Amino acid sequence: MFDRLTAQPADKILALMQMFKEDPRPTKIDLGVGVYKNAEGVTPIMQAVKTAEKQLWEQETTKSYVGLVGDPGFSDAMIDLILGDAVPRNIVAAAATPGGTGAVRQAFEMIRMANPEARIFVSDPTWPNHLSILKYMGMEVVSYRYFDSETRGVDFTGMMDDLGALRSGDVVLLHGCCHNPTGANLNLVEWQSVIDLMQKKGAVPMIDIAYQGFGDGLEEDAAATRLVAASMPECLIAASCSKNFGIYRERTGLLMAVSQEASQHGLNQGTLAFLNRQNYSFPPDHGARLVTMVLQDPSLRADWASELEEVRLSMLGLRQHLADELQQRTGSDRFAFLAQHRGMFSRLGTTPDLVEKLRAEHAIYMVGDSRMNIAGLNATTVPILAQAIVEAGV
Ligand code: LMR
């Protein structure tokens, strides 16, 4: 049987992780996978998470099953964090999932179940695993223009033109904040135009929000998602706790299905439970419980929010530092966009050849489409990267 298998393409982000590991050069710099690193190059456990973990160890008395959609306390806390009071709680169905990727996968499953004809409109570019999962599931993908390679901002006109092809029932996959891989984001006026268009076309938004708190702040980063949830008849929201709680390996995420029609809630909730049961039964609990404890305890929550704010500000500082170093070296504002981008990533906007040159000659690792993880930098490596970018002729 196994001899009938064919080799699958390696995920390019994960392949890069492996290459970096194997590179013996001591000066190597990892700007690949989206993991936050502090100035010492360490991905720390957040203090509030560590405290919650200690409390949990002391208080937890059983490891028995929790529930097919996870602990309702987790859903409540996350819905509150992401949606605030944008919509009433009784119209949000929710299920815990293994990470944000689990939420994305379950969202696609729910779409396919409800409407097998739905086409999924995705930004060009988007997180490569969106495309990989959709392909694997055999769902039809239509890409819409998103990144303007001249300005390195959003090609909003191109995006709206391409979304003009939406048909009723199609789904538009949008990044709630901190677009991955580009770092270029819509402003709220543009979001409103996208919402108006989706309403006119009868399309359904699906939001992937994996970096709340990494862009402009916890509330600011949720604003677009809240606007969508409050304005559209229906939407799906896939959320990740990996980054903003720093619990990558715990696999903690939440899928929400919002329907303005309150009578739809029971069916949505039951469907999410069914889909969890089919795919992995009970979702992981440990990370979700830590998140719930942090969000429910005012002192842990304040501690977490301030540590997250430090992370956010340090990334903004690195962005500005890199833009300044490049400004000094090139005498131009060509790289000013780096300070405008938000979140963990920026797309440098150069060719795969030059990305490869940076890797081969300078031991600088970024994804082939020139996505850089800004959080992989520090005060020492910023000037090294700036110099390498100039020397490579980017
Ligand atoms: C990334 O984009 O680097 C992260 O979301 C990690 C991943 O799973 O690809």
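Predicted model: local features only at pLDDT ≥ 70, side-chain atom pairs only at ≥ 80, totals over all residues.
**Exercise 1: Reading helix α7**

Work out which side of helix α7 faces the protein interior, judging by burial, and what covers that side.

*Solution.* 

Step 1. Start by finding the helix. α7 runs over residues 188-201, so you're looking at 14 residues. From first C-alpha to last it reaches 20 Å, close to the 20 Å expected at 1.5 Å a residue.

Step 2. Now sort residues by burial, where buried means under 20% relative accessible area and exposed means over 50%. Glu190, Trp191, Val194, Ile195, Leu197 and Met198 come out buried. These residues sit on the same side of α7, because they cover an arc of only 165° around the axis. The spacing makes sense: an α-helix has 3.6 residues a turn, so residues three or four places apart point the same way.

Step 3. Finish with the two ends. At the start of α7, Asn187 has a side-chain oxygen within 3.1 Å of the backbone nitrogen of Val189. Just after the helix, Gly202 takes a positive phi of about 75°.

**Exercise 2: Placing Val355**

Decide whether Val355 is buried or exposed, and list what it touches beyond its sequence neighbours.

*Solution.* 

Step 1. Locate the residue: Val355 belongs to helix α13, residues 352-362.

Step 2. Check its relative accessible area, which is 5%. Buried means under 20%, so Val355 counts as buried.

Step 3. Pro383 is 28 residues from Val355, and their C-alpha atoms are separated by 17 Å.

**Exercise 3: Around the ligand**

Find which residues surround the ligand, and pick out side chains that come within polar-contact distance of its oxygen atoms.

*Solution.* 

Step 1. List the surroundings: Ile13, Val33, Gly34, Trp127, Asn180, Tyr211, Lys243 and Arg371.

Step 2. Go through the N or O atoms of the side chains, using a 3.5 Å cut-off for polar contacts. A ligand oxygen is 2.8 Å from such an atom in Arg371. For Asn180, the distance to a ligand oxygen is 3.0 Å, and for Trp127 it's 3.1 Å.

Step 3. Ask how much of the ligand is covered. Taken alone, the ligand exposes 260 Å², and the protein buries 81% of that.

Notes: Residues numbered from 1 in each chain as written. Heavy atoms only, no water. Helix = DSSP H or I, 4+ residues; strand = E, 2+ residues; numbered from the N terminus. Expected span 1.5 Å × (residues − 1). Buried < 20%, exposed > 50% of the residue type's maximum accessible area, 1.4 Å probe, protein only. Arc of directions from axis to C-beta. Contact = heavy atoms within 4.5 Å. Polar contact = N/O pair within 3.5 Å; in protein donor to acceptor, adjacent residues only side chain to side chain. Near = heavy atom within 4 Å. Areas by Shrake-Rupley, 256 points an atom, 1.4 Å probe, with all protein chains shown as cover.
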